[in-house]
2 protein chains.
Amino acid sequence: MSNKLNIGLLGLGTVGSGVPFILNSHKEKIQQVTGMEIQVTKALVRDESEKERQAKRFDIALTTDYNEIINDEEIHVVVELIGKIEPAKTYISQALEAGKHVVTANKDLLAQYGAELASLAQKNHVDLYFEAAVAGGIPILRTIANSLAADNIQKVLGIVNGTTNYMLTKMVAESKSYEEALKEAQELGFAESDPTNDVDGIDAAYKMVILSNFAFGMNVNLKDVETQGIREITTDDVEMAKKLGYELKLIGSSEKIGESIAVQVAPMLVPLTHPLHSVKNEMNAVFINSSGVGESMYYGPGAGAKPTATSVVSDLITIAKNIRLGTTGYRFNSYNYETKLANDNEVYGKYYFAFDVPDKKGQLLLLTKIFSSTDISFEQVIQQKTDGTTARMVVTTHAMTKAQMKAVTEKIQEVPEFHLLNTFKVLED
Amino acid sequence: MSNKLNIGLLGLGTVGSGVPFILNSHKEKIQQVTGMEIQVTKALVRDESEKERQAKRFDIALTTDYNEIINDEEIHVVVELIGKIEPAKTYISQALEAGKHVVTANKDLLAQYGAELASLAQKNHVDLYFEAAVAGGIPILRTIANSLAADNIQKVLGIVNGTTNYMLTKMVAESKSYEEALKEAQELGFAESDPTNDVDGIDAAYKMVILSNFAFGMNVNLKDVETQGIREITTDDVEMAKKLGYELKLIGSSEKIGESIAVQVAPMLVPLTHPLHSVKNEMNAVFINSSGVGESMYYGPGAGAKPTATSVVSDLITIAKNIRLGTTGYRFNSYNYETKLANDNEVYGKYYFAFDVPDKKGQLLLLTKIFSSTDISFEQVIQQKTDGTTARMVVTTHAMTKAQMKAVTEKIQEVPEFHLLNTFKVLED
């Protein structure tokens, strides 16, 4: 067998260019570890003239026609970095069917068609790896698949979207408003001009679907991930969280309850003593609770050209080793378990509620009645501020089910004078 | 091939008993992931009657004679959990020579004879894994060997000794003295009655030797690890560190400088903003600086029966997979690079010096002269306290070489009136 592993690269943008860069910079080590020379030989681009400089620098042939990659028998692996569903899905499927291994960082695609593509890869005895799809530079998927295979995971909590973590860090540390934080993130290139996928938690939900598959062996549909973004968070919430000893962060949570799991993305109050609390700015982290190891956390950059490209190259190294050992065609994640979703009566949590209520007597009594009629007990009730007419009240509760939370929310909304501003889950230490 | 993987277990103490416990609790998942049933069939113990209860519970045959394990052809893997050099070294060597795979958590042994044992394993086409030897429950070795193979590591900083991290956390958070913190750690079972290996940094040095081998492919001798423990740290140091915006922690550091590395274990001042700062109590963490990923950190329990046993079982799962794929006999760490140690002129750092000096005029001038004659400039000079006769002075410096640090230390020690109390490295953000 040849000792060269040739790559066809789809997309030669910022991240795409990172792949030949990392392969080149760490050439000696990669060759030593794999016994192979890994190189990008051809790249699919939209406009050849725009990418001439990179192509020349790394000795890559350019093409605008995917057939020139799929029909190139010298290409062993296709690396897909164009993102979104189509044409990525077609390209990857064709590559797998042509007997080429595939590495991708496409979280949107994997969250929606991961199971289908993994089966297609297995059917064609080729590898499909996607370490870079979740938490960029953090090798979390391989860690769960290999090292935590000996363990039973109970809960995965992730800060898996760098844009929103950056924004929330600024809102906390510099008392910026949501709009100011978004503007700054956009200026720094952390947020896109249309930030919907980030700020509404959709990007984080994609990643939690993939993490849930690795941690629990289950295939969760995107629509089953209850997803709440950060648009509604105000400086009042940020300040009150601080006063209570917490920090607001956008958390992806996937939790095992009996034989079922519950997956959610939402702003949560993270205690100062929780390891996730120390994850600032655009950094990501995945915190795992498991019966064997106990608590562990994996921290690193969630995006960026070099971290993402490094993860892609770690997948290429794994493929190179598999080829040499004759062990290609096994699933990235071999853990497979019947998918069951927990119902709202099984999922427990403490909550934070913020309301505007009329600033007059009897309101607290009414509030207490509503909560106690749903069997919810308060931990704290605080009047945060008042303008004489309207008071902002914050309530933190003891643990309740999600069903109770929804029931009390309905009851509150039936009182015309009460305006429920925000409900956030409170993480325990 | 049989679908059973039989284990001979050396040592059925706290950690030893954890192995059949984890294998049993996570049986279904392990079988699903490996396609094999992994079970402990025989255990070597010192006194059979003492271990009867565990043996019965997990259906393990007991023996006091190692020959009954080494000559048992039904046993595929020997798991060594008795610790120290002998007889562990002989047992492991005999197992490898008998064609049995070996899993061990023995850091003392690996730090001193790791290269020899790895060669012996390779010669006999069997596996030798030891994930549990460094940072107990954190899958750091496999992560470096697999996922970071695509990267060039520049620096590894580790909190790799739980006992001293627990003690220092108490000294910082509760203003305890070294003696009080040690007593508490001993009462809680975190520290042994003879705490030398922990408090003098020897245990951490073992782990840094192993980490250096994985991160840089180099074989460092234990004697080349400059090692300083925590015995000399006083409440004055803890308080001053806090005032300056740092926290004192025992840090293992392995750093690449050109083609060489420098390995060290010492108390260091960790800035509040550094991710290692959040690692409290008995928890461990390994922080990695690499050219591709940038900053990443791996956090979890460093010891304990269940975390350690879980790491051992993750090694057993890897062996089971290797057997099924026919890929046993490859080194755990295949990265190999010529070992070169940096000299003191190449290693840079900022330092903290604490002195007792006579409380009279002219002392600061004398101190300044000594430092500037070695080309060292101060960042801060603080008189921490005085009893009227003797003043405690603290100096923090700009970056200097280790050679300069040693030179200035000698000069200070030549002044009879100056009493140098402590010198600690200051980590940068």
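Let me start with chain A, where six strands form an open sheet in the order S3-S2-S1-S4-S5-S6, with parallel pairing. Strands here are DSSP runs of type E with at least two residues, helices are runs of H or I with at least four, and both are numbered from the N terminus. Two strands count as paired if DSSP finds at least two bridges between them. At the edges of this sheet are strand S3 (61-63) and strand S6 (128-129) of chain A, each of which pairs on one side only.

Before going on, a word on what you are looking at. This is a predicted model, in which local features need pLDDT of at least 70 and side-chain atom pairs count only at pLDDT 80 or more, while totals for chains, interfaces and linings use all residues. Residues are numbered from 1 along each chain as its sequence is written, chains are lettered from A and ligands numbered from 1 in the order in which they are written, and side-chain values use heavy atoms, with hydrogens and water left out.

Back to the sheet of chain A. Strand S1 (residues 4-10) and strand S4 (residues 77-80) of chain A run parallel and are joined by four bridges. In S4(A), A:Val78 is the residue opposite A:Gly8. Helix H13 (residues 305-325) of chain A lies across S1, strand S2 (37-44), S4, strand S5 (101-104) and S6 of chain A, at about 160° to S5(A). For such angles, axes are lines fitted to C-alpha atoms, for helices over the stretch in contact, and the angle runs from 0 to 180 degrees between N-to-C directions. Contact means heavy atoms within 4.5 Å.

Chain B has an open sheet of six strands too, in the order S3-S2-S1-S4-S5-S6, with parallel pairing. Strand S2 (residues 37-44) of chain B pairs with S3(B) in the parallel sense over three bridges, and B:Leu44 stands opposite B:Thr63 in S3(B).

Next, some backbone details. Most residues other than glycine have a negative phi, and most peptide bonds are trans. The bond from A:Glu86 to A:Pro87 is cis, with omega near 5°, and A:Pro87 sits in the loop between S4 and helix H5 (88-97) of chain A. In chain B, a cis peptide bond joins B:Glu86 and B:Pro87, with omega about 5°; B:Pro87 lies in the loop between S4 and H5 of chain B. A:Asn281 has a positive phi, near 50°, and is found in the loop between strand S10 (260-271) and strand S11 (283-290) of chain A.

Now salt bridges, meaning a side-chain nitrogen of Lys or Arg within 4 Å of a carboxyl oxygen of Asp or Glu. Over all chains, the whole structure has 42 of these salt bridges. One of them is between the side chains of A:Glu116 and A:Lys89, at 3.3 Å from N to O. A:Glu116 is in helix H6 (residues 107-123) of chain A and A:Lys89 in helix H5 of chain A, so the pair ties together parts that are 27 residues apart in sequence.

Where do the two chains meet? The contact takes 47 residues from chain B and 48 residues from chain A. The area buried between them is about 4,200 Å², with 56% given by carbon and sulfur atoms; buried area is the accessible area (1.4 Å probe) that two parts lose on being put together, summed over both. In chain B, B:Lys29, B:Ala150 and B:Tyr299 lose the most area to chain A, together 16% of what that side buries.

How many salt bridges cross this interface of chain B and chain A? The rule finds zero.

Finally, the strands at the interface. Strand S12 (residues 294-301) of chain A is joined to S12(B) by three bridges, and the two run antiparallel. Within that pairing, A:Tyr299 stands opposite B:Met297 in S12(B).
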